[in-house]
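This briefing is for a reader meeting the structure for the first time. Please look over the sequence and the model before reading the points below.

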Amino acid sequence: MARGAWLWQGATRWTTMRLREARSMLRSLTIQGFRGIDSLELSDLGFVNVFVGSNGAGKTTILEAASIVGNPLSPGLLAMLNGWREMPPFDANSQDGLQSFFHDMSSEPIRLKWDGSDGGGELIIRPRWGIGIITTTTSTDSLSPAGASSSASERLQGIDFEYLPNGGSPITQTMTLIPNGFHVQEGGTAISRPLGGFYIHARRATSMGDTATLLTMATERRTEDRVIQAMRRVDPRVVRLVPGYRQKAPIILADIGLRQLIPANVLGDGFCRVLLMVTGALLDSGRLLLVDEIDSGLHHSVMKGFWKSLLELRKFRDFQVLCTTHSEDMLRSTLDAFEDSPDSLRVFRIDRSESNHLSLQKYGFDMLRDATVAGMDVR
Amino acid sequence: MTTEKGLRSICKPVAVAVEGADYFYSLLAQIDGPVEFADVQLWDFAEIGSPERFVQLLKSLAGFSTKIRAVGLIRDAEESAESKRSELRRAFERNGLAVPSQAGVIAAGPPATGFLVMPVGKESGCIEHAFLESGACAASLECAKAFLKCVDRSDRNDNWRAKVQVHAIIAASDHPSATLGQSVKQKLWNLSHPTLGVMLDFVRRLAWG
């Protein structure tokens, strides 16, 4: 089975996704007609890009768009993205979830254009409409037998992906909705490697299975010390982390100087999430670390250390962070953490006007520092 | 009125930015309460030093284009009122806002803008000069002058001398450890005197167009 193929199997079960290998990073991203975003252009992306803004501004949608351009040849990724938003799975009988990717549930195509070290390109996602049969089940009360009626109407049959890599030939893939799922017809292979993405969504603390797999890779490559070093900034008691299985379930045991090792879960959701980020940044094939609500579960006192860990890990591997937060503490902590590498930080606030127009305000390190000094909340 | 100085977002349509805690709390003590100043939010640009940078940052905050209807800047004249007036005009101009023709004049916006250099009518000085000229605490003022004679040095300037006298007067009050802002709240000064009243009048005109 092709590696990309398993991505959408059991989409709702996976907390993270592992995408194809890439060498470097995203420099700009233009999003058109995607979910709640009519049009938005992100440029001058840095090593760490923090997105802030009010609820519904489109922060998570940006991460979703980045995950798609990081892996433009995997239409099935849409199912995972919907699963992480706890939206119902889509199939031939239920298209709402798929239609929700299109701005205003419209028929206008989604256009994602980017520039990056993968060469950049454009991805156009078009809805494919056709006449379908809707079967409606009715029941007037619990004692009457249910009736069923069918009607024909125009329905979303699937979507077409057109990937236009800069300097390469177009690649088209189609996703067709079928009863109980969808079918993807692959159209080719990209010459350059996609950026790849490692997505950690906000709704669940962590996935111990993914972390254990990545930690095993770290052990195999004798790089577990880097993980330990990074994790000690979050919990200085950590001496060793051991991946394994217990009762057929993956587990990570932590040595924190007690008489015996303890499950890492006991150290808290924040610890587990950081462990997933650290192992993902260091070992996953994807180069985009995409984290929704990056502050989730983190105590303010370890936030600076967490950023420092990411900066240190970059010495060993090239990756890029796109994340969201609502936390003032998390933003303040960047001022301490990025003092020696101010060019690595960007904060973007997304503002949504009453007429639904989106605008972007970018803060570099100096501007964020001055705003904080002046007592201004940039969120 | 917003009374705390933590990280704040734009929550009132009239932004008045002042230079330092003395200005901030002196004004706060006067506008916190009266309904005519309910739309005013005070800011302090002293920590970042540059009013131009402050206006740039204010413009970057969420809600600037939709909520703000007026922006005012108040600061000391220090050694040269003219250079400070130019600095404040530049703060508006370089950030693409309306530029008032002179101090105390409100330029039509949106947003409306205005600036004030204290003490008004003087070519140098600081807010403490305005407090000293307000005519309050006459007895203490004589003692403060005498105290200044004892501690004065030739390398000190007039602004330092004004601050020494103001704090000597405060030190002789019922609350000797009060800041200038706290002393305003304790009604130690004659706020209705034109030298001080000009500030409140400026804020009122900014708030009410």
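A residue is called buried at under 20% relative accessible area, exposed at over 50% and partly exposed in between, with a 1.4 Å probe and protein chains only. By that definition, buried residues make up 55% of the 379 residues in chain A. The model is predicted: local features need pLDDT of at least 70, side-chain atom pairs count only at pLDDT 80 or more, and totals for chains, interfaces and linings use all residues. Residues are numbered from 1 along each chain as its sequence is written, chains are lettered from A and ligands numbered from 1 in the order in which they are written, and side-chain values use heavy atoms, with hydrogens and water left out.

**Chain A overall**

- Chain A holds nine helices and 16 strands; helices (H or I, at least four residues) and strands (E, at least two) are DSSP runs numbered from the N terminus.
- Of the contacts in chain A with a separation of 6 or more, 67% join residues 24 or more positions apart, a contact being heavy atoms within 4.5 Å.

**Helices α5 and α6 of chain A**

- Helix α5 (residues 224–232) of chain A packs against α6(A) at an angle of about 140 degrees, with the axes 10 Å apart; axes are lines fitted to C-alpha atoms, for helices over the stretch in contact, and angles run from 0 to 180 degrees between N-to-C directions.
- That angle makes α5(A) oblique to α6(A), since angles under 35 degrees count as roughly parallel, over 145 as roughly antiparallel, 65 to 115 as roughly perpendicular and the rest as oblique.
- From α5(A), Arg226(A), Val227(A), Ala230(A) and Met231(A) meet Phe271(A), Val274(A), Leu275(A), Val278(A), Thr279(A) and Leu282(A) of α6(A).

**Thr279(A)**

- Thr279(A) sits in helix α6 (residues 269–283) of chain A and is buried, because its relative accessible area is 0%.
- The side chain of Thr279(A) reaches the backbone oxygen of Leu275(A) at 2.7 Å, and a polar atom of that side chain lies 3.2 Å from the backbone oxygen of Leu276(A).
- Not counting residues up to four places away in sequence, Thr279(A) touches Thr211(A), Leu214(A), Leu215(A), Val227(A) and Asp284(A).

**Asn265(A)**

- Asn265(A) lies in the loop between β12 (262–263) and α6 of chain A, and counts as partly exposed because its relative accessibility is 42%.
- Leaving aside neighbours within four places in sequence, Asn265(A) is in contact with Met208(A) and Cys272(A).
- The C-alpha atoms of Asn265(A) and Thr216(A) are separated by 17 Å, the two residues being 49 residues apart along the chain.

**Helix α1 of chain B**

- Ser26(B) belongs to helix α1 (residues 21–31) of chain B and counts as buried because its relative accessibility is 0%.
- The side chain of Ser26(B) reaches the backbone oxygen of Asp22(B) at 2.5 Å.
- Beyond neighbours within four places in sequence, the contacts of Ser26(B) are Ala21(B), Phe131(B), Leu180(B), Gly181(B) and Val184(B).
- The axes of α1(B) and helix α9 (residues 194–208) of chain B come within 11 Å and cross at roughly 70 degrees, which makes α1(B) roughly perpendicular to α9(B).
- Tyr23(B), Leu27(B), Gln30(B) and Ile31(B) of α1(B) make this contact with Met199(B), Leu200(B) and Val203(B) of α9(B).
- Just after α1(B), Gly33(B) takes a positive phi of about 135 degrees.

Conventions:
Polar contact = N/O pair within 3.5 Å; in protein donor to acceptor, adjacent residues only side chain to side chain.
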